[in-house]
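Please read it alongside the sequence and the structure shown below.

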Amino acid sequence: MTDIDAPLPPEELADRLTEVFALVGPLYRRVQRKVEQTAPIEGLSVGVRAVLDLLREHGPMTVPQMGRAQALSRQFVQRMVNDAAAARLVEIIPNPAHQRSSLIRLTGRGGAAIAAALAREQSLLSQVDGDLTDADVTACVRVLGRMLELFDHVDVD
């Protein structure tokens, strides 16, 4: 009989984390498809939605900062910022700390669009069936956070 609260040996941990990866990939792709299917309400692609959410959470940021925060290439983030700017969801403002790297800031229209998208997503996520507890979710976030830390050094550019 094993103690479920005891740390797993590295080889067993690797096997269990492989199970997590096997779920995270399809989950991410399905959520992405769902967002893209329903996003026309706000006119947001998955990439623009990610930029808006990051700015909502952290305030004005540079494109390189957003790329690092989301583990995305600067080029991809720049394209998403350009799309968001064309839709007047963000604005480009001077950066007092760095003349060559402007800050990107949400507009009122962008704030309203991301708020609507988040409200719709919250409504959808509230439909998750089961008997999940706060401890379950806390453990899930902890595991995924540790897995993300393992790949912090990966260059996305």
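The text below covers confidence, salt bridges, an aromatic pair, a surface patch and some loop residues.

**Confidence**

The model is predicted. The protein chain has an average pLDDT of 87, and 92% of the residues reach a score of at least 70. Among the elements of the chain, the lowest mean pLDDT, 84, belongs to helix α1 (residues 10-38), while the highest, 97, belongs to strand β2 (residues 103-106).

**Salt bridges**

Five salt bridges are found in the whole structure.

| Salt bridge | N to O distance |
|---|---|
| D53 and R49 | 3.7 Å |
| E121 and R49 | 2.6 Å |
| D53 and R56 | 2.8 Å |

D53 and R49 lie four residues apart in helix α2 (residues 46-58), so about one helical turn separates them. D53 and R56 are three residues apart in helix α2, and this spacing also corresponds to about one helical turn. The bridge between E121 and R49 has its closest N and O atoms 2.6 Å apart. This pair links distant parts of the chain, since E121 sits in helix α5 (residues 108-125) and R49 in helix α2, 72 residues away.

How exposed or buried are the residues involved? For D53, the relative accessible area is 15%, so D53 is buried. R49 has 14% relative accessibility and counts as buried. E121, at 17% relative accessibility, counts as buried too. R56 has a relative accessible area of 42% and is therefore partly exposed. Through shared partners, the salt bridges join R49, D53, R56 and E121 into one network.

**Aromatic pair**

How many aromatic pairs does the structure hold? There is one aromatic pair. It is formed by F21 and F151, whose ring centres are 6.2 Å apart; because the ring planes stand at 70°, with over 60 degrees as the cut-off, the pair is classed as edge-to-face. F21 is partly exposed, with 46% relative accessible area. F151 is also partly exposed, with a value of 40%.

**Nonpolar surface patch**

On the surface, L125, V128, L132, V137 and V141 make up a nonpolar patch. Together these residues have about 480 Å² of accessible area. One of them, V141, is placed in helix α6. V141 has a relative accessible area of 55%, and it is exposed because this value is over 50%.

The loop between α3 (63-70) and α4 (74-86) contains S73. Is S73 buried or exposed? Its relative accessibility is 18%, so S73 counts as buried. A polar atom of the S73 side chain lies 3.0 Å from the backbone nitrogen of F76.

A71 is found in the loop between α3 and α4 as well. A71 is partly exposed, at 46% relative accessible area.

D155 is located in the segment after α6. The C-alpha atoms of D155 and L72 are separated by 9.0 Å, although these residues are 83 residues apart along the chain. With a relative accessible area of 60%, D155 is exposed.

**Positive phi angles**

Most residues other than glycine have a negative phi. Which phi value does A71 have? A71 is not a glycine, yet its phi is positive, at about 55°. R88, a residue other than glycine, has a positive phi near 60°. The place of R88 is the loop between α4 and β1 (90-93). R88 is exposed, with 55% relative accessible area.

Technical notes:
Residues are numbered from 1 along each chain as its sequence is written. This is a predicted model: local features need pLDDT of at least 70, side-chain atom pairs count only at pLDDT 80 or more; totals for chains, interfaces and linings use all residues. Side-chain values use heavy atoms; hydrogens and water are left out. Helices (H or I, at least four residues) and strands (E, at least two) are DSSP runs, numbered from the N terminus. Buried means under 20% relative accessible area, exposed over 50%, partly exposed in between (1.4 Å probe, protein chains only). A polar contact is a pair of N or O atoms within 3.5 Å; within protein, one must be able to donate a hydrogen and the other to accept it, and residues adjacent in sequence count only if both atoms are side-chain atoms. pLDDT is the predictor's confidence in each residue, from 0 to 100. Rings of Phe, Tyr and Trp (its six-membered ring) pair if their centres lie within 6.5 Å; planes under 30 degrees apart count as stacked, over 60 as edge-to-face and the rest as tilted. Patches are made of residues with over 30% relative accessible area and no salt bridge: like charges are joined within 9 Å, nonpolar side chains (Val, Leu, Ile, Met, Phe, Trp, Tyr) within 5 Å. Accessible areas come from the Shrake-Rupley method with a 1.4 Å probe; for residues, only the protein chains shown count as cover. A salt bridge is a side-chain nitrogen of Lys or Arg within 4 Å of a carboxyl oxygen of Asp or Glu.
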